[in-house]
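Have the structure open while you read.

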Amino acid sequence: MTKRIWNFSAGPAVLPEAVLNEARENLLSLGSTGIGILEHSHRGKAFVAVYEETEALVRDIGQVPGNYKILFLQGGASTQFAMLPMNFLTPETTADFLVTGAWAEKAIEEAQLFGKTHVACSSQDRNYCYIPQSLAFSDQPAYVHYTSNNTIFGTEFATIPTVPAGVDLCCDASSDIFSRPWDVSRHAVIYAGAQKNLGPSGVTLVIIRDDLIERAPKTLPTMLQYRTHAKNDSMYNTPPTFAIYLMNLVLKWIKGQRGLESMAALNQRKAGKLYSYLDQSQLFRATANRDSRSLMNVTFVTGNPEVDAKFCAAATKAGFDGLKGHRSVGGMRASLYNAFPEAGVDALVEFLRAFEAEGK
Ligand code: PMP
């Protein structure tokens with residue numbers, strides 16, 4: 001088999017090798033069924049068992065309370081940007097946004113199609129390098145929306161933002177879901193595309209409080225109402241069966257790592273090693289403010305785009321893939337999701353050190 005290299009991609013991203021091996025074994029026959037996982041009907045016993053187990057794993061690992069529904073939808077987190085306001089915002093009401101990056105900007109743009117919006121905070125003034133501390137909400141927001149981890153800018157909320165009592169909080173957790181314990185009960189909705197921490201692209205996990213489901217207008221297209229998916233256990237239409245199956249395996253892998261407390265400790269250690277190196281480096285520096293640093297996406301620069309490009313080219317040649325930063329930040333970005341091995345971080349730090357020493 002071709003040798004696997006260090007994959008720092010921001011998503012779709014590296015998956016645990018044990019998961020890939022197990023999936024490979026089940027491609028031709030899921031267990032002893034004689035039918036591969038890709039070929040099973042979503043209504044058949046074998047897939048329904050996978051589905052039910054996946055839902056139970058999400059509930060168990062994420063400590064999702066009983067009054068929340070777990071949905072497996074399609075259309076990515078980008079569809080949730082629109083589905084939330086479609087279901088919960090009207091032309092007369094206002095949704096508040098914590099604008100901490102490009103994905104938050106996209107979410108607010110979609111909401112503007114359906115109702116009023118208010119920026120409760122923004123870090124755009126410094127190219128989104130920090131998470132603002134003070135929030136100014138509108139009167140009686142229909143809901144508040146935030147992005148727990150800003151994939152492009154390498155910043156992450158250290159704690160859940162506090163909203164006025166009784167106000168519904170919605171979280172785009174696409175790039176840090178299940179990387180640490182996060183209190184679901186403080187949210188109305190949490191959603192995440194799977195392709196960073198949960199599995200492959202093609203499925204979006206939505207965790208939604210029961211009482212919101214019937215709040216939406218029934219005039220919306222059927223597929224865009226949460227109630228459709230809630231009533232039909234995400235099987236109103238054909239769900240992304242393979243993506244759900246892979247999520248099942250990834251969740252079991254997380255459980256095998258002893259859950260989210262251990263996952264958080266591992267993620268702290270991995271990102272900590274890279275930040276420690278960057279903090280003492282004479283050549284590289286992290287772009288995010290210290291108090292806002294992401295454990296999932298470590299963004300860094302040399303300050304000289306030519307040197308950044310030279311570094312990226314050398315890194316690719318040495319077997320480190322996906323380190324080029326997003327064009328809006330430049331420099332480099334190392335995505336260190338749950339499944340990214342610690343040995344890969346050690347190897348990157350060694351490579352950075354050698355590159356820096358060579359230039360001296
Ligand atoms: N939100 C965040 C935080 C993201 O990182 C991304 C994708 N990188 C999205 C939303 C968009 O997700 P999708 O491509 O699944 O629509």
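Asp-168, Arg-209, Asp-211 and Arg-215 are linked in a network of salt bridges. A salt bridge here is a side-chain nitrogen of Lys or Arg within 4 Å of a carboxyl oxygen of Asp or Glu. Side chains of opposite charge can pair when their charged atoms come close. Searching the whole structure turns up 17 salt bridges.

Before going on, some ground rules: this is a predicted model, where local features need pLDDT of at least 70 and side-chain atom pairs count only at pLDDT 80 or more, while totals for chains, interfaces and linings use all residues. Residues are numbered from 1 along each chain as its sequence is written, and side-chain values use heavy atoms, with hydrogens and water left out.

| Pair | Closest N to O distance |
|---|---|
| Glu-156 and Arg-180 | 3.5 Å |
| Arg-227 and Glu-214 | 2.9 Å |

Glu-156 and Arg-180 are both buried.

Now for the domains. The protein splits into domain 1 (18–256) and domain 2 (258–359), with bounds that come from an automatic or database domain assignment. Their C-alpha centres are 27 Å apart. Where they meet, 29 residues of domain 1 are in contact with 26 residues of domain 2, contact meaning heavy atoms within 4.5 Å.

About 2100 Å² is buried between the two domains, with carbon and sulfur atoms giving 53% of that. Buried area is the accessible area (1.4 Å probe) that two parts lose on being put together, summed over both. On the domain 1 side, Ile-152, Gly-154 and Glu-156 lose the most area to domain 2, together 22% of what that side buries.

How many salt bridges are there between domain 1 and domain 2? The count is zero. Polar contacts do turn up across this interface: 19 residue pairs, both residues at pLDDT 80 or more. A polar contact is a pair of N or O atoms within 3.5 Å; within protein, one must be able to donate a hydrogen and the other to accept it, and residues adjacent in sequence count only if both atoms are side-chain atoms.

Conventions: Buried < 20%, exposed > 50% of the residue type's maximum accessible area, 1.4 Å probe, protein only.
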